[in-house]
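Here is a friendly walk through a protein model for someone meeting it for the first time. Take a look at the sequence and the fold, then read on.

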Amino acid sequence: MSETGRGTELAAPPSAAFCYCLRVRYAECDAQKVVFNARYGDYVDLATTEYLRALGFGEELIDGRLDYQLVKQTTEWKAPARFDEVLCASVSTQQLGNTSFVLAVEFRRRGEAGLLARSETVYVMVTQALAKKPLPAEFRAALERGAPDIIVSHAG
């Protein structure tokens, strides 16, 4: 447990963190011809789902054995993304609590080092009745391990 008592703080994401790639579609851009800010929430959700699949929890997500709710999300934008660019979202576990986990997603253009945006999301594990529940041991271990060097591409 960290000194704040809020859970286990994990190290910064390795350069070989899990990566989810997507291509920016025209409808995701705003009048300024850049990705509309609210779309990053959608991108985080897609990247998180693929990260959890890579950790081995795809079936549990689909059948409801593993369920969680987003309770806080912050995004910091550094540079715009535009139509038809391929974005790579690296996902890493930042912190684990008793019932919660925090994931960071960093967005870059494919093949470039410059950070476009970074989101940090706090999730809480829940029962089917939406009551908080502890992180299952195998899920906690998978989040600690991460999914290094795995790339999932939906960019075409």
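Over which residues does pLDDT stay under 50, and how many contacts beyond four places in sequence does the model have for them? One such stretch is residues 1-6, with eight contacts of that kind. Residues 10-14 also stay under 50, and for them the model has nine contacts beyond four places in sequence. Keep in mind that this is a predicted model. Where pLDDT is low, the predicted coordinates should not be read in detail. For the protein as a whole, the average pLDDT is 91, and 90% of the residues score at least 70.

**The overall layout**

Let's step back and look at the whole chain. The protein has three helices and seven strands. Starting from the N terminus, the elements come in the order β-β-α-α-β-β-β-β-α-β. Of the 156 residues, 43% are buried. Among contacts with a separation of 6 or more, 68% are between residues 24 or more positions apart.

**Aromatic rings**

Now for the rings. The structure has eleven aromatic pairs. In one of them, Tyr-40 and Tyr-43, the ring centres are 5.7 Å apart and the planes meet at 70°, so this pair is edge-to-face. Both tyrosines sit in helix α1 (residues 39-54), three residues apart, which is about one turn of the helix. Tyr-40 counts as buried because its relative accessibility is 2%, under the 20% cut-off. Tyr-43 is buried too, with a relative accessible area of 1%.

Another pair joins Phe-57 and Phe-139, again edge-to-face, at 5.1 Å centre to centre and with 90° between the planes. This one links distant parts of the chain: Phe-57 is in the loop between α1 and α2 (58-63), while Phe-139 is in helix α3 (residues 137-145), 82 residues away. Phe-57 is buried at 8% relative accessibility, and Phe-139 is buried at 0%. Both of these phenylalanines belong to one aromatic cluster, together with Tyr-68, Phe-101 and Tyr-123.

**A closer look at α3**

Helix α3 has a buried side and an exposed side. Phe-139, Ala-142 and Leu-143 are its buried residues. Looking down the axis of α3, the buried residues fall within an arc of 100°, so they line one face of the helix. On the other side, Ala-137, Glu-138 and Arg-145 are exposed. What covers the buried residues of α3? The cover includes α1, β4 (86-96), β5 (100-109) and β6 (115-125).

**Two cysteines, no bridge**

A disulfide is a covalent bond between the sulfur atoms of two cysteines. How many disulfides are there here? The count is zero. Take Cys-19: the closest cysteine sulfur belongs to Cys-21, 3.9 Å away, which is too far for a bond because a disulfide needs the sulfurs within 2.5 Å. Cys-19 is buried at 14% relative accessibility, and Cys-21 is buried at 4%.

**Two residues in strands**

Ser-90 is in strand β4. Is Ser-90 buried or exposed? Ser-90 is buried, with a relative accessible area of 18%. Setting aside neighbours within four places in sequence, Ser-90 is in contact with Ala-17, Phe-18, Cys-19, Ala-104, Val-105, Glu-106 and Arg-108.

Trp-77 lies in strand β3 (residues 68-77). Trp-77 is partly exposed, with a relative accessible area of 43%. Not counting residues up to four places away in sequence, Trp-77 touches Asn-37, Tyr-40, Leu-116 and Ala-117. Trp-77 and Tyr-40 are 37 residues apart in sequence, and their C-alpha atoms are 9.7 Å apart in space.

Here are some of the residues from this tour side by side.

| Residue | Relative accessible area | State |
|---|---|---|
| Tyr-43 | 1% | buried |
| Phe-139 | 0% | buried |
| Cys-21 | 4% | buried |
| Ser-90 | 18% | buried |
| Trp-77 | 43% | partly exposed |

Definitions and conventions
Residues numbered from 1 in each chain as written. Predicted model: local features only at pLDDT ≥ 70, side-chain atom pairs only at ≥ 80, totals over all residues. Heavy atoms only, no water. Phe/Tyr/Trp six-rings, centres within 6.5 Å; stacked < 30°, edge-to-face > 60°. Helix = DSSP H or I, 4+ residues; strand = E, 2+ residues; numbered from the N terminus. Buried < 20%, exposed > 50% of the residue type's maximum accessible area, 1.4 Å probe, protein only. pLDDT = per-residue confidence, 0-100. Contact = heavy atoms within 4.5 Å. Arc of directions from axis to C-beta.
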